[in-house]
Amino acid sequence: MVAFGVLISLGLWVGADMLARALKEGPEFVSLLRILCLCIISSGIMKLAGGLLRGLRRFITAELMENAAGPLAIAITALTYGLSSLEQMATIYVATTSASALIGFSIYFILLRGRGKPAEPLMPWQALKTSLPLSGVMLATLATPWIMTLFLARFADAADVGIFRVGIQFSLLLSFLLSAVESGMSPQIAAMHSQGKLHELLGATKQMTMLLCILGGVPSMVMIIFAPQLLSILGPEFPAGATAMRILLAGQVLKLLSGPVGSYMVMTGLGRM
């Protein structure tokens, strides 16, 4: 993972000028991209630490490290010291992901003390081969918002891209709810499936999907109805993205209606489907 991240970072670093010309961007884009290249490596290490912590059933710690530390650090810095450029924000984000990765591995090794060696050795290549199809699906899912933004940057101006990106961030708030549920339920899903409790598993699926619809449906309706007002908090130009935000929110609602189907398939041995 780290080696792959290093290769991608080097490729983006070398091709930053060419990518800027393709997207019709200026020198500021090149300097910003080269700072964020470092984030690929630190984020990969942070994700690895998060996976190890989940293996020790420290789900909340892993979620806080991966999803809360970066935005919280940027928000605190912006409110305390102020941010005058995108380069400063990118630098803070790289520093935060690096610190999160270091702290995550430190917590992992502290928790690992006294547990002894595993009964069976880990086979990295076999595990990678088994999880490769699922990894491809997850990569496509995570990359979709970024791909949309890049294509929009190619054919629209910076103002439209910024407004659209803010709309995406509002819609992705609902995905945090689904991610939290999947992280917490995955071990229980695997345990119930291994014990043959399929009827109980079906009942838990229905209940959890209903809970997701209730918890996510109310906030989504509020955001859909009051999209212009919510976007106006960020500035007078942002309500122009209300329609895009409503479409994106509708997509997230459909995702909630399907429930944690990805985790169920993975935890029941159907990940290759």
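Predicted model: local features only at pLDDT ≥ 70, side-chain atom pairs only at ≥ 80, totals over all residues.
**Overall composition**

The protein is built from 11 helices and zero strands, so that, by the DSSP assignment, its elements read α-α-α-α-α-α-α-α-α-α-α from the N terminus on. Of the 273 residues in the protein, 30% are buried.

**Packing of H3 and H5**

Two packed helices are described by the angle between their axes and the distance between the axes. For H3 and helix H5 (residues 86-112), the angle is about 15° and the axes lie 8 Å apart. Because angles under 35 degrees count as roughly parallel, this value makes H3 roughly parallel to H5. The crossing of H3 and H5 is left-handed, and the contact between them, sorted by residue class, has 20 nonpolar, eight polar and two charged residues.

Ile107 is a residue of helix H5, and with a relative accessible area of 29% Ile107 is partly exposed, because that value falls between the 20% limit for buried and the 50% limit for exposed residues. Ile107 and Arg58 are separated by 49 residues in sequence, while their C-alpha atoms are 9.9 Å apart in space.

**The largest nonpolar core**

The largest nonpolar core has 20 residues, of which Phe170, Met223, Leu231 and Met245 touch the most other members. The elements that contribute two or more residues to this core are helix H7 (158-194), helix H8 (198-225), helix H9 (227-232) and helix H10 (242-257). Among these contributions, the largest share comes from H7, which gives nine residues.

**The salt bridge**

The structure holds one salt bridge. It is formed by Arg34 and Asp17, whose closest N and O atoms are 3.2 Å apart, a distance that counts because the cut-off for such a pair is 4 Å.

| Residue | Relative accessibility | Class |
|---|---|---|
| Ile107 | 29% | partly exposed |

Key. Residues numbered from 1 in each chain as written. Heavy atoms only, no water. Salt bridge = Lys/Arg side-chain N within 4 Å of Asp/Glu carboxyl O. Axes fitted to C-alpha atoms, helices over the stretch in contact; angles between N-to-C directions. Helix = DSSP H or I, 4+ residues; strand = E, 2+ residues; numbered from the N terminus. Parallel < 35°, antiparallel > 145°, perpendicular 65-115°, else oblique. Left-handed = near helix turned anticlockwise from the far one by under 90°. Nonpolar A, V, L, I, M, F, W, Y, C, P; charged D, E, K, R; others polar. Core = buried A, V, L, I, M, F, W, Y, C linked by side-chain atoms within 4.5 Å. Buried < 20%, exposed > 50% of the residue type's maximum accessible area, 1.4 Å probe, protein only.
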